[in-house]
Amino acid sequence: MLVFAASDKGGTGRSVTSANLAYQRALTGDHVAYVDFDFGSPTAAAVFDVPGAVRGTEERGLHSYLEGEIAEPARIDVWRQTEHPLLRARPNQSGRLVLFPGDAGGGEFATDEDALERCIDLLLRLNGEFDLIVVDLSAGRSYAVDMVLAATAHPRMRNVPFRWLVFHRWTRQHVIAASGLVHKEHGIIGGGVERGHDEGALRAAIRFVRAAVPDPESPLWSQGSPAQAAWMQSCDEALRRLAAEHRIGDSVVLGVVPLEPILQWREQLITEEDVLSTQIANKETLEALEEIARRLTDDSYWGQP
Amino acid sequence: MAPHESAPRAVLAGGEIRTCLLPARQALDVRAAAQLLGLRADERVLLSERPNLYARSPDTLTGIDCPLPSANGAHVRAVGTVAARAALTEGRILQTSAYFRLPASGPDQRQPWGHYLVRPGLLEPFGKLPHEAVAQGVLDGGRHGELDVGLIAGGLLTRLLRHPLLDQRPPLRSRPTRLRWVALPAEGDQGPSIERFTLAEDELRTVRLRVPEGTPPADVAGLCDDLALHDWLLTTLVRLLDGIRLGSGPPPARVGPPADDRPAVVAALRPAVDHLLHLWMPRARVAKELAPLWEALEERPGFTRQWQALVQRIRDQLTLHAIPSLYREVEPAP
Amino acid sequence: MTEAVFRETAADPRTQAVPLAHLSIELGHLYMEDFEAGPERLRQHFAQVRPWVDAARAAAAARAGGKRPRVSTCFLIDDYFTRFSSPAELVPLLLAEADRAGLVIDYLARESGCAVAGKVPVAEAVAGRIVESPPPGSYGLRPPAAQTGWLANGERSPVARAPQAMKKAAVWQPPTETAARRHSVFLDVELWSDDPDGHRTWSCPFLAAVWQLARLGLLRNEGEPVFVPQPPTDRGFPDDWDELPPLIRLNPRADPFAAYRTCSVLPNRFLPVEHAVRVILDQTEVDRGALRQVAERSAREDVAVPDSVADRVSYVFYAGS
């Protein structure tokens, strides 16, 4: 199964959240690939704590692969090559977790027919090798989005299941932007249909993840005044109405990730250790990630809303 | 004498093989296999039904003009062609194999291209060839810009995997492997021998051989294709069993669980029974002179011994799960 | 492979041999414009060709070392790019004009036979045998964008591709001939073109390269010879080119059509085409079985045949158009 991670704007926590989903699935025994198609700003190396390993792959990343300069993109075995002390002790019975980094210093680039064919080659190969392939896409209506829309519409990929996760923050601007990315004229659905996707099927394969959502019930805000609590409550309701009006209401939400400093500031994987022993991360955050990871392949959360 | 035989005798042969599961729900029948491997409109695909179904493409050539990798840093440029072919065993295992041979010495400058094309699979070094150093260099993998036959095998594999015959629905998850080999001349009148078979990285194996002078490189490549095929089978079964949780605990949350409620173990092992277990057949197509080399591997580490143990384990698991739970004293795990 | 006792025919490739002469002389290529110029054009052509044919025969005799060399002549008519006249009208005229110059045309071929001979897609098969000459630095990676339908004798100028954001576009560089002696004579040959309906038209140089391979006895289809000369029927020459076999033997006593070497006597307007033919032949891997048979046969006869296929081909270009 392919999972594409998209967002209209930067700062939605798309990369760090999708990396955490990949990590969670690997913990449950799946073989997981994380493909960094965030061509403008590849950041996965930092999230998986593999900067040293990535340094050796400057000219052998996904950019070079798609441009045909190398035949196979570099791959980094996260369990083996991470500098994160906890990750290195690969949990027993976990699946493989492999990062496909972009080139260091690679920019956004126009993709041609050859790059598309190579993209399909890669996705098919990974599909034969991994249970789950998470593809992190550059923000906005990018070349990366175009390329994977074209790739998944290609006859060669007709039997490969895929799903989209669209990440957005829980603000007016982000809600409107995320809806635009999916529903506007040349958005994911419109662009996908132009490339040969069936509109209904594509729509059924898109879900939203609300990121950095402050939970009014959270102990984080329990010190606030009653007025503040009431205000938060009403804002939250207003946002829900706005989201529903923009066709990204609760029925198409796969999950909600609470506002979590560790994701906002450190951009790292959240381990049980972070929650249980050092307590730098919130239990709710970890649970939310585990639940979204589980729902990725739970068909009852997908399909026509 | 044929022009390709008028070339000086090879002192080094080498190659690389990619082995993978054919990404198709059903194994290809002989006709479909011939279609997949018909790399040339005017050359037949070799088809054989004994002792197993086997199809092999005609050779294709790739032009090369680059330095050779060498263990001691010697810089030797070589020009010529690398031959590559693809084979499909039982319509299920796809292999691409690229190989070359090198004579002890060659002309000091590049010849017109037609000179090389009538010597298919021959690379001519500029000057004298330090064959021991180059053999080790090939096994170690060269630096960027040095001869990389793996790219040629990989390129052919990519081309075949784009074929519209393939529905891209592999019956089980597996990883392709690479096997790199070199063959140096045997001492005196000694027979062929395997000097070393190494499991290098996750997917890379290297094989170092000694063969009597005059052994056709295509035969050596054929032996190595056979080694690669069986090594892939072993590797794939080991990983398959490795990924299954035996004993207590929840079954792994594999993507796309089976529609019925068969235990996860059965769901995971069933494809191996359907698609892999009948493929073990060492030496099926190895040249008679080279077939004895298998004996060394059967001795240590014992390829067939390990295979039989794995097969037995799979059958035991399936048998256990086939017993109605009513009659089981204890639930089989999981 | 395993035991000689057991044999599977589909697992045992065979290549059928063809009879071989020492030399195949091409007396000309006929296009519509030549035909439209009238019989005088043909007459002139054969008159110009004659002395060179004699010279080519003498050279073949010298190479054969005193023995009588087997030499056959052939003539190619274009019925591929344009259709004109008919075999019934043209062939007798052609034979008469050749005879007037004291020449005998042993074999007559149709150019469309070089595209598809009978049911065999010869041109497509040959196109699948092209192995591009590698520029220095070729280590096994396929070039990112092969120009399909074109074949060069070296490296093209790099194409300005849309670069990644913030990266500089490359400056222009000249193309280079791989076998250049100091300076390049770069040639890029169009092998075919496809029309919007997907119909492929093979280029004149490409078909001419196929023609040379046919004359060198190096074409096979699944091991079977492709250009097998047929005798003309008793009913004379047909009215439709399609009814004429791709290759017919006009002279029953002729030496074999295919030969160790070829020589073509052509007006010099064919020079660029034949340069292109050489570029193609130099990068075509011919059937290995056929190649081996030619080598073994010539060795038995003690006849020197150049290794390289392109070097087995020679030309005389005479002044004129």
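User: Which residue is the bridge partner of C:Tyr107 in β12(C)?

Analyst: The model is a predicted one. Strand β3 (residues 107–110) of chain C pairs with β12(C) in the antiparallel sense, over three bridges. C:Tyr107 takes part in this pairing, and its bridge partner in β12(C) is C:Arg249.

User: Which strands stand at the edges of the sheet of chain C?

Analyst: The sheet is open and has six strands with mixed pairing, in the order β12-β3-β2-β1-β13-β14 (chain C). On average, neighbouring strands of this sheet are turned by 25° against each other, direction ignored. A strand at the edge has a single partner strand, so one of its sides is left without a neighbour in the sheet. The strands in this position are β12 (247–249) and β14 (313–318) of chain C.

User: Which element gives the largest share of the side of chain B that touches chain C?

Analyst: The contact involves 38 residues of chain B and 42 residues of chain C. On the side of chain B, the elements giving two or more residues are β2 (46–48), β4 (60–67), α3 (113–117) and α5 (149–161). By class, this side has 19 nonpolar, eight polar and eleven charged residues. The largest share, six residues, comes from β4(B).

User: Why is strand β12 of chain B described as largely enclosed by the rest of the structure?

Analyst: A residue counts as buried if 20 or more other C-beta atoms lie within 10 Å of its own. Strand β12 of chain B covers residues 204–211, and it is largely enclosed because, of these eight residues, the number buried is six.

User: With which residue of β12(B) is B:Ser193 partnered?

Analyst: β12(B) pairs with strand β10 (residues 177–185) of chain B in the parallel sense over eight bridges, and there B:Arg180 has B:Thr206 as its bridge partner. With strand β11 (residues 193–199) of chain B, β12(B) pairs in the antiparallel sense over six bridges. β11(B) and β12(B) form a hairpin, with four residues between them. In β12(B), the bridge partner of B:Ser193 is B:Arg210.

User: What percentage of the residues of chain B count as buried?

Analyst: Chain B contains nine helices and twelve strands. Among its contacts with a separation of 6 or more, 75% are between residues 24 or more positions apart. Of the 334 residues of chain B, the share that counts as buried is 47%.

User: How far apart do the C-alpha centres of the two domains of chain B lie?

Analyst: The domain assignment of chain B gives domain 1 (3–215) and domain 2 (236–327). Their contact takes 15 residues from domain 1 and 14 residues from domain 2. On the domain 1 side, the largest share, three residues, comes from β11(B), and the residues of that side divide into eight nonpolar, five polar and two charged. The C-alpha centres of the two domains lie apart by 29 Å.

User: Which residue of β4(A) stands opposite A:Val35?

Analyst: Strand β4 (residues 97–100) of chain A points A:Leu97 and A:Leu99 one way and A:Val98 and A:Phe100 the other way, and all are buried. Two bridges join it to strand β3 (residues 76–77) of chain A in an antiparallel run, where A:Asp77 stands opposite A:Val98. Strand β2 (residues 32–37) of chain A runs parallel to β4(A) and is joined to it by four bridges. In that pairing, the residue opposite A:Val35 is A:Phe100.

Technical notes
Residues are numbered from 1 along each chain as its sequence is written. Chains are lettered from A and ligands numbered from 1 in the order in which they are written. This is a predicted model: local features need pLDDT of at least 70, side-chain atom pairs count only at pLDDT 80 or more; totals for chains, interfaces and linings use all residues. Two residues are in contact if their C-beta atoms, placed from the backbone, lie within 7 Å. Ala, Val, Leu, Ile, Met, Phe, Trp, Tyr, Cys and Pro count as nonpolar, Asp, Glu, Lys and Arg as charged, and the others, Gly among them, as polar. A residue is buried if 20 or more other C-beta atoms lie within 10 Å of its own, exposed if 12 or fewer, and partly exposed in between; C-beta atoms are placed from the backbone. Two strands pair if DSSP finds at least two bridges between them. Domain bounds come from an automatic or database domain assignment. Axes are lines fitted to C-alpha atoms, for helices over the stretch in contact, and angles run from 0 to 180 degrees between N-to-C directions.
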